[in-house]
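Hi there,

Here is the structure I promised to pass on. Please have a look, and then read on for what I found in it.

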Amino acid sequence: MDEILVIKEKLSSIIDPSTTQTLAENDSIKHVGIDENNTVIMIIEVGEKDQNTTKQITRDIAKVVKLDLGYAGVKIEFTKRKLRNKEAKTLLIASGKGGVGKSTVTANLAYALTRLGKRVGIIDADIYGANMPKIFNATNHKLMGDANGKIYPFEKDNIQMVSTEYLVDEKRALMLRGPMLGKVLKLFFEDTLWSEEIDYFLVDLPPGTGDIMMDLKNFTEDAKMVIVTTPQESAAHIAIKAGYAAKDLSQDVIGVIENMSYYEVNNEFHYIFGKDGGKRVADELLVELLATLPITKYDKIIAEETEMPGIIYLNLAKKIIKLL
Ligand SMILES: Nc1ncnc2c1ncn2[C@@H]1O[C@H](COP(=O)(O)OP(=O)(O)OP(=O)(O)O)[C@@H](O)[C@H]1O
Ligand SMILES: [Mg+2]
């Protein structure tokens with residue numbers, strides 16, 4: 001048998017005290033190599049990187065590698081297990097035109113899913129125009145990191161959130177060049193200590209479907225996308241283009257959300273921005289129009305559960321649960 005496989009096999013029943021499971025059960029052995037001095041080099045993923053855990057595992061591994069197998073030495077690098085729930089679903093919230101309400105929809109959808117008992121994480125991937133912190137009234141928040149450069153998401157009302165705004169000084173726009181974008185996405189998707197319980201990741205995208213879409217593919221291969229538009233002809237026109245562009249990148253578009261559809265007073269509906277733009281986009285892209293949302297007062301960004309448009313958001317959330 002291959003030398004490396006023998007080492008893996010012999011170490012498989014060693015227990016990680018921080019999870020009380022074996023290295024095999026946790027699929028903890030991430031790398032095994034043997035250097036020119038006959039020293040075994042390993043990367044082991046652990047539940048917790050505390051001294052108790054690393055000392056015990058080091059001792060157990062050294063015993064097998066040196067005494068039983070006769071290698072000269074062993075070097076172990078420990079990494080903490082990523083907490084992301086592998087079953088979690090990802091929904092991308094996109095648009096053609098800017099300012100149509102992607103971020104507003106993302107935040108309200110997060111609340112609606114939470115009200116339905118789901119655990120939600122928001123990734124504010126609008127690299128240049130992040131405004132999730134503003135919606136969550138948490139612009140002063142500072143991201144906390146652990147010793148290994150992992151970051152903890154911000155949390156409010158049981159919703160977890162990360163934003164590019166937290167990576168730069170306040171009031172300073174983030175000036176990221178192309179290649180940086182992938183790094184930020186890696187940080188949010190792979191190096192953020194999300195709750196293990198998260199069922200849905202909502203990704204608030206910048207307007208348009210450009211570079212970021214390509215980068216996203218590296219992190220969320222099976223993500224689905226919804227497109228937000230207003231009823232306006234100009235917005236719908238660009239939303240259709242964005243939809244086709246997404247499809248060209250083999251991005252699965254599952255529906256359209258029309259925002260600012262009407263203004264309601266005393267049961268009268270006023271179609272201020274025109275009518276049926278969302279339907280036109282949905283028809284063109286051969287997907288469902290998932291919701292039409294009213295124009296609301298500026299100080300009611302997060303809708304109440306029992307009022308409009310909170311009720312519409314609950315229905316939207318139920319549809320999305322089914323579609324994902
Ligand atoms: N249904 C609505 N009724 C009234 N105002 C709304 C509605 N939806 C969004 N807004 C307001 O419109 C503005 C733009 O919304 P939002 O930031 O959600 O759009 P966006 O698509 O994320 O924009 P950007 O492209 O800049 O990221 C915000 O001030 C928001 O409060
Ligand atoms: Mg936005």
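Strand E6 (residues 89–95) and strand E13 (residues 224–229) run parallel and are paired through 5 bridges. Here two strands pair if DSSP finds at least two bridges between them, and helices (H or I, at least four residues) and strands (E, at least two) are DSSP runs, numbered from the N terminus. Before going further, please note that this is a predicted model, in which local features need pLDDT of at least 70, side-chain atom pairs count only at pLDDT 80 or more, and totals for chains, interfaces and linings use all residues. Residues are numbered from 1 along each chain as its sequence is written, chains are lettered from A and ligands numbered from 1 in the order in which they are written, and side-chain values use heavy atoms, with hydrogens and water left out.

Within this pairing, Ala94 has Ile227 of E13 as its bridge partner. Helix H7 (residues 233–248) lies across E6, E13 and strand E14 (252–258), and its direction is at about 165 degrees to E13. Helix H8 (residues 277–285) also packs on the sheet, where it touches E13, E14 and E17, and it runs at about 165 degrees to E14. For these values, axes are lines fitted to C-alpha atoms, for helices over the stretch in contact, and angles run from 0 to 180 degrees between N-to-C directions; contact means heavy atoms within 4.5 Å.

The whole sheet is open and has 8 strands with mixed pairing, in the order E10-E11-E7-E12-E6-E13-E14-E17. Strand E10 (154–156) and strand E17 (288–292) are at the edges with a single partner strand each, so one side of each has no neighbour in the sheet. From one strand to the next, the twist averages 25 degrees.

**The three-stranded sheet**

A further open sheet has 3 strands in the order E3-E4-E5, again with mixed pairing. Its edges are strand E3 (29–34) and strand E5 (73–80); each has a single partner strand, so one side of each is left without a neighbour in the sheet. Direction ignored, neighbouring strands are turned by 15 degrees against each other on average.

E3 and strand E4 (residues 39–46) run antiparallel and are joined by 5 bridges. Ile34 stands opposite Val40, and Val32 stands opposite Met42. The two strands form a hairpin with 4 residues between them, and Asn38 in the turn has a positive phi of about 65 degrees. Helix H1 (residues 3–11) lies across E3 and E4, at about 135 degrees to E3. Helix H2 (residues 51–68) packs on the sheet too, touching E4 and E5, with its direction at about 145 degrees to that of E5.

**Ligand 1**

Which residues come nearest to ligand 1? Of the 15 around it, they are Gly99, Lys102, Ser103, Thr104 and Asn259 (near means that a heavy atom of the residue lies within 4 Å). A nitrogen atom of the ligand is 2.9 Å from an N or O atom in the Asn259 side chain. An oxygen atom of ligand 1 lies 3.2 Å from a polar side-chain atom of Asp126, and an oxygen atom of the ligand is 3.2 Å from a polar backbone atom of Val100.

Helix H3 (residues 102–115) packs against helix H9 (residues 310–323) at an angle of about 80 degrees, with the axes 8 Å apart.

Best wishes

Conventions:
Polar contact = N/O pair within 3.5 Å; in protein donor to acceptor, adjacent residues only side chain to side chain.
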